[in-house]
Structures are given as C-alpha cells and as structure tokens.
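Subject: A structure for you to look at

Hello,

Here is the structure I promised to pass on. Please open it next to this message and read the two together.

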Amino acid sequence: MASQFRSTTARVRVARWAWHSSRARPDGYTVAIAPNGTYAMATALYDRLPYDIERGFAPVGLLATTPIFVCIHPNAPWRSLAELVAAAKAQPTSITYASAGAGSTSHLFVELLLDMIGMQRGAQTPEVPTVSESGFPGYRALVDFGLFAPAGTPQPILDRLVSEARIAMKLPGLQLRLESPAMEAVGGTPAEFATS
C-alpha cells in the first residue's frame, strides 16, 4: 500500500510539472529536463496522463545519462550479483529490494534484470563489475535526462537551445558536477535524441 501511494504521489508530481511545461508559451524561456521515466516509461504504463509527450513537447536533446547500480548491504552474506541472484533463485520470497515505487525506473530496472539480465559499465566506476560481467549478458539500464521545449517553439529558438545545451554539456565544471553522482554528459541534436 505504501509503495502504491508513493508511486501515485510521484506520478502526480511528474504529471503536474509536465503539464505546466507542455502548456508554457513556446518562446524558449520555459524548458523542461525530464528523465526517461517521464517521457518514455510513463506513457507506456499509464492510460491517462495530463500531458501528451508526442504533441505537447519539442525534443531538444539528450543531456546526460546515469547507470543504475545494484547495491547490496555490507552485512548481507552475498559479495557479488551472481551470489545474490543465486540466493534469490534458491529462496525467491526471502530477498526484498527497495525502489521508488511501482512503475518507477528503479522498479522497472529490477524487473528488467529479473527478465533479461546484463549491464554496461559506467565510465566513472571502472572497478565495479557490470551485470554482464557478473554472468548476465544483455542487460542495459540507464536513466536518461532529456531537454524539452513546449510544442510549437519556433525552429530558430530550438536550434539555439540545441546549440547552447551542447556547449553547456561540454563545460568542464558541469561535467565534474555530473560525475559525482555517476552521470555522464551527452548533449546532442533532437535527431540523435530520437534514436538514443
């Protein structure tokens, strides 16, 4: 019940800012930074959202990505993902995990792990084995952060936003700030964002 409440509360919060952003004047002064949970996952999970990601926004570009980490409490008896998975298979109801709630990216990535397994190494943590290296090839889970403007924003303004975002994502100070929470600056065009 608590996780359902958190999920509903989070969905309302996300929906509120997305709704306001999609209805802002398309003059380049209002933009939204959204994680893929908002622009990709929510549209597939919920029948009704107060915003339309396809018609309400103009994508500017992908700003950054961050990998999902599987963390095990230091007092737990497992020392690797393979040991954790083996224990979970041996006793499926004895192990629990934390997430931001039903339908959240952390919940969906665990479901993906349970279904397909495998992961890509983050550049900031080369010493941490990936899910693939832990014996589960094919798994890739990243949280992407995209930049969006309201639909109808004139092309010259969108072009300027793309240009300024690319410049900003290359600033050494910004890259250092993103690295501390294990994020990687990306930057790019709307076309590159559409294929990422």
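Below is what was found in it, topic by topic.

A word on the basis: this is a predicted model, so local features need pLDDT of at least 70 and side-chain atom pairs count only at pLDDT 80 or more, while totals for chains, interfaces and linings use all residues. Residues are numbered from 1 along each chain as its sequence is written, and side-chain values use heavy atoms, with hydrogens and water left out.

Let's start with the sheet. Four strands form an open sheet in the order 1-3-2-4, with antiparallel pairing; strands and helices here are DSSP runs (E, at least two residues, for strands; H or I, at least four, for helices), numbered from the N terminus. Two strands count as paired if DSSP finds at least two bridges between them. At the edges are strand 1 (32-35) and strand 4 (184-185), each of which pairs on one side only. Strand 4 is joined to strand 2 in the antiparallel sense over two bridges, and A185 in strand 4 is the bridge partner of A64.

Helix 6 lies across strand 2, strand 3 and strand 4, and runs at about 15° to strand 2. That angle is taken between N-to-C directions, from 0 to 180 degrees, with axes fitted to C-alpha atoms, for helices over the stretch in contact. Contact means heavy atoms within 4.5 Å.

The largest nonpolar core has 13 residues, and V60, L63, A64 and L158 have the most contacts inside it. Such a core is a set of buried Ala, Val, Leu, Ile, Met, Phe, Trp, Tyr and Cys residues joined through side-chain atoms within 4.5 Å. Buried means under 20% relative accessible area, exposed over 50% and partly exposed in between (1.4 Å probe, protein chains only). Strand 2 (57-67), strand 3 (142-150) and helix 6 (155-169) each supply at least two residues of this core, with the largest share, five residues, coming from helix 6. A second, separate core has 10 residues, including A42, L62, F148 and F193.

Which residues does L158 touch, leaving aside its neighbours within four places in sequence? They are A58, V60, A149 and T153. T153 sits in the loop between strand 3 and helix 6 and is buried, with a relative accessible area of 7%. A polar atom of the T153 side chain lies 2.6 Å from the backbone oxygen of P150.

Because F57 lies in strand 2 and F148 in strand 3, the pair ties together parts that are 91 residues apart in sequence. Y51, F57 and F148 form one aromatic cluster. Y51 is buried at 6% relative accessibility, F57 at 6% and F148 at 5%.

Finally, find N36 in helix 2 (residues 36-45). N36 is buried at 8% relative accessibility, and its C-alpha atom is separated by 6.2 Å from that of V143, 107 residues apart along the chain.

Notes
Polar contact = N/O pair within 3.5 Å; in protein donor to acceptor, adjacent residues only side chain to side chain. Phe/Tyr/Trp six-rings, centres within 6.5 Å; stacked < 30°, edge-to-face > 60°.
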